[in-house]
Amino acid sequence: MRTGVWLVGARGSVATTSIVGALALRAGLTGPTGCVTELPGVRGPALPAFADMVLGGHDVVTTPLAKRAESLAAAGVLPGRLVAALSEELAAVERELRPAPSAGTQADRAAAIAHDLTDFRQRHGLPCVVVVNVAATEPAPRPHPGHADPAALRAALAGPDEVLPPSSLYGYAAVTTGCPYVDFTPSTGLRLPALAALADAHRVPYAGHDGKTGETLIKSVLAPMFAMRHLAVRSWSGVNLLGGGDGATLADPAANAAKVRSKQRVLGETLGYLPQGGSRIEYVEELGDFKTAWDLVTFAGFLGTGMRLEFSWHGCDSALAAPLVLDLARLTAAAQATGVAGPLTDLAFFFKDPLGDPSHALADQWARLCALAHRLHSGGADAPPH
């Protein structure tokens, strides 16, 4: 099943790594390490093949995609041999990238985004285009009356106000064009009543938020361990050091606060209480696309005996995120093809701050993901649960 993948922030590090990875998989130049959809519990005939992905996107910057890939190769994120071998394929994707609309009212910009999505879908004869937001993290938006319902939102967008943050404006354009939407960032996306109602009205599946790639991934494994052993976590403090575009964005206090809220949710909802401490994010330009996290956990056991756990995580954010972007595009496209619509809460496995009210324990999330995959491979919305 040929499937469009439209990346918002298409020239960024995560998007560029996703594009190079998809092209390398299509050409048989690499294996699917890191791709969850290639594991036995998830893979199957409902998922579009990597070779069937048609790539495009929007960005506010104009740096050629090949140059972005070369810079990532120089930084050790991508193998240089792949960038060199895929020069023609990268040039073909470059022709599918469009400047992010910036003129006129938000209604004008949404219409321009929708036009680009529709044009992309029609030119390539695609039954489905999944829009994936991998742009920079945004601050939380100010409340606006237009957020309440679709009619109020449509009226407000035609006015002079900046009613929606960019992630939500892209979500609006996507769902009203019939495109599934995935927010891989902590940004607002479709998490407004008017947008959720529009997605339901257009029978569009959507997923989010904030891809789980590092420290929070480990928390989702360790926090259930403490809970199941009935050990009392007294404090959990973490320091995250990262460079690259994401790090520079998170140097802004408002964007930083949105990210920290997303990272902390797993502890409170898994343990049933929020221990002392928090997560701190610092921008260290020298680290580039790599990140380091250090966590200190203090806990009490039988008779109140105090103990501690420390761990460090060193990872390449783009290389951890990119295969999940491809996974989410495949799963969301399969959901739409099989008639599944609305919030895809069973994709919580992929997110720090998932939609709905799921368990944050990774094992529970994995079971729900496998059950969803089974339903999709068995025919979709009307198939019995696994």
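Before you click, one term: buried means under 20% relative accessible area, exposed over 50%, and partly exposed in between (1.4 Å probe, protein chains only). This is a predicted model, where local features need pLDDT of at least 70, side-chain atom pairs count only at pLDDT 80 or more, and totals for chains, interfaces and linings use all residues. Residues are numbered from 1 along each chain as its sequence is written, and side-chain values use heavy atoms, leaving out hydrogens and water.

Start by selecting D346 and R375. D346 counts as buried, at 15% relative accessibility, and R375 is buried too, with a relative accessible area of 18%. Their side chains meet in a salt bridge at 2.6 Å, N to O (a side-chain nitrogen of Lys or Arg within 4 Å of a carboxyl oxygen of Asp or Glu).

Next, pick R330 and E38. This salt bridge spans 3.0 Å, N to O. R330 is buried, with a relative accessible area of 5%, while E38 is partly exposed at 26%.

Now go to R109 and E162, whose side chains form a salt bridge of 2.7 Å, N to O. R109 is buried, with a relative accessible area of 13%, but E162 counts as exposed at 53% relative accessibility.

Last stop: D116. Which side chain joins D116 in a polar contact of 2.7 Å? That's H58 (a polar contact is a pair of N or O atoms within 3.5 Å; within protein, one must be able to donate a hydrogen and the other to accept it, and residues adjacent in sequence count only if both atoms are side-chain atoms).
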